[in-house]
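Have the sequence and the 3D view at hand as you read.

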Amino acid sequence: MRPINILTTLAIGLAVGILCLAAASRESWAAPFSAAKIIFEVNASDGDAGIQVFLDGEPWKIVKIFNPDKVQIAEFQGKGNLEGFGLTELFSESNEPPFEDFPLQEVLALFPEGKYEFKGTTVEGASLKSMATLSHVIPCGPVITSPGVLDPDMAEIEWTEVTNELDPSTEECGGSTDLDIVGYQVIVGSFQVTLPASARSVTIPPEFLEPNTMYLFEVLAIEASGNQTITEGSFETN
C-alpha cells in the first residue's frame with residue numbers, strides 16, 4: 001500500500017474544514033426577516049382556536065418553519081415565474097375547528113410553546129433566518145357592555161377590561177391574571193382600529209353606519225405575546 005502523503009492529508013483536512021466553516025458562516029450570517037410571528041387566535045363567542053403566521057422580508061423563494069423540537073411544520077415556496085420574482089409578505093391562518101371537535105388543550109399540545117424558527121432563501125440565494133416565540137398565555141375575551149341599539153351619529157361600543165387568562169382545561173375565563181394586555185382591536189365591517197390597553201370603548205364614525213341597520217362586530221383582546229381572543233357582538237342602529 002502506498003503511504004499517504006502527509007501534505008495531501010493536511011490539504012484534504014483543510015479543504016473539509018473550510019467547507020464546514022463556509023456552511024456555518026452562511027447559517028450564522030443569515031439576514032433576519034423584517035417580521036416573523038406565530039400566535040394563537042381564540043374566538044370566545046364561537047368556541048374555537050387556531051394559529052396565525054406572519055412574516056415579511058426581502059424577496060424570497062422559499063420559507064420553512066420549524067417548531068421548538070426542530071420539526072418542520074410548514075413550507076411556502078414560489079414556483080415557476082414566481083420563484084424567480086420572489087415573495088415578500090405572508091399571512092396564513094390554520095384550521096379553526098370548534099372545541100367540541102378539537103378541545104383547546106389539544107390545540108395547544110399540537111403547537112407547543114417555545115421558539116419557532118423561520119428559515120428562508122432569497123431569490124438571489126442568500127439565507128434568511130428569524131426566531132419567533134409562541135406562548136400558551138391566552139387572554140379571556142372582552143365582555144361587551146354597550147347596548148344593542150345605537151344612534152348611528154354617536155354609536156359607541158364598550159367593553160370591560162380583560163384581566164384574566166383563558167383556562168385551557170375548561171375553555172372558560174380562569175383565575176390566572178399572569179398576562180399583559182397590550183391593546184384592543186375593534187372591527188365593524190370595513191371599520192377597523194387598534195387601541196391601547198387603557199381603552200374601554202370606541203366611537204364608530206357615522207360615515208361607516210346607516211340608520212335602521214344591523215351590524216356585527218368583533219372586539220379582540222391582545223396579549224403581549226401576540227395571542228388574541230375575540231368576542232363577537234351586534235347592534236342595530238335606530
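## Starting at a disulfide

C173 is partly exposed, because its relative accessible area is 49%, between the 20% and 50% cut-offs. Keep in mind that you're looking at a predicted model. C173 forms a disulfide with C140, and their sulfur atoms sit 2.2 Å apart. That's the one disulfide the structure holds. As a reminder, a disulfide is a covalent bond between the sulfur atoms of two cysteines.

The link of C140 and C173 is right-handed, with 100° about the S-S bond. C140 lies in the loop between β7 and β8, while C173 belongs to strand β11 (residues 172–173), so the pair ties together parts that are 33 residues apart in sequence. And what about C140, buried or exposed? C140 counts as buried, because its relative accessibility is 4%.

## Other residues in the β7–β8 loop

The loop between β7 and β8 (149–150) is also where you'll find H136. A polar atom of the H136 side chain lies 2.9 Å from the backbone oxygen of F111. The backbone oxygen of L108 is 3.3 Å from a polar side-chain atom of H136, too. Skipping neighbours within four places in sequence, the contacts of H136 are F40, L108, F111, P112, E113, E165 and N227.

S146 is in that loop as well, between β7 and β8. Its relative accessible area is 15%, so S146 is buried. Which residues does S146 touch, leaving aside neighbours within four places in sequence? They are E156, I157 and E158. With E158 there's a polar contact: the backbone nitrogen of E158 lies 3.3 Å from a polar atom of the S146 side chain.

In soluble globular proteins, nonpolar side chains tend to be buried together. Here, the largest nonpolar core has 25 residues, and I38, F40, L104 and F118 have the most contacts inside it. Two or more residues each come from β1 (35–43), β2 (48–56), β3 (60–66), α3 (104–110), β6 (114–122) and β7 (127–134). Of these elements, β2 gives the most to the core, with four residues.

There's a second, separate core of 22 residues, and L150, A155, I181 and A221 are among them.

## How the strands line up

Now for an open sheet of four strands. In what order do they run? The order is β4-β3-β6-β7, with antiparallel pairing. β4 (72–77) and β7 are the edge strands, each pairing on one side only. On average, neighbouring strands of this sheet are turned by 15° against each other, direction ignored. Eight bridges join the antiparallel strands β6 and β7, and Y116 stands opposite A132 in β7.

β1 has pairings of its own. Nine bridges join β1 to β2, and these two run antiparallel; here V42 has A49 in β2 as its bridge partner. The hairpin of β1 and β2 has four residues between the strands, and in it G47 takes a positive phi near 70°. β1 is also joined by three bridges to strand β16 (residues 228–237), this time in parallel. N43 stands opposite I230 in β16.

Methods:
Residues numbered from 1 in each chain as written. Predicted model: local features only at pLDDT ≥ 70, side-chain atom pairs only at ≥ 80, totals over all residues. Heavy atoms only, no water. Core = buried A, V, L, I, M, F, W, Y, C linked by side-chain atoms within 4.5 Å. Buried < 20%, exposed > 50% of the residue type's maximum accessible area, 1.4 Å probe, protein only. Pairing = 2+ DSSP bridges. Axes fitted to C-alpha atoms, helices over the stretch in contact; angles between N-to-C directions. Polar contact = N/O pair within 3.5 Å; in protein donor to acceptor, adjacent residues only side chain to side chain. Contact = heavy atoms within 4.5 Å. Disulfide = S-S within 2.5 Å.
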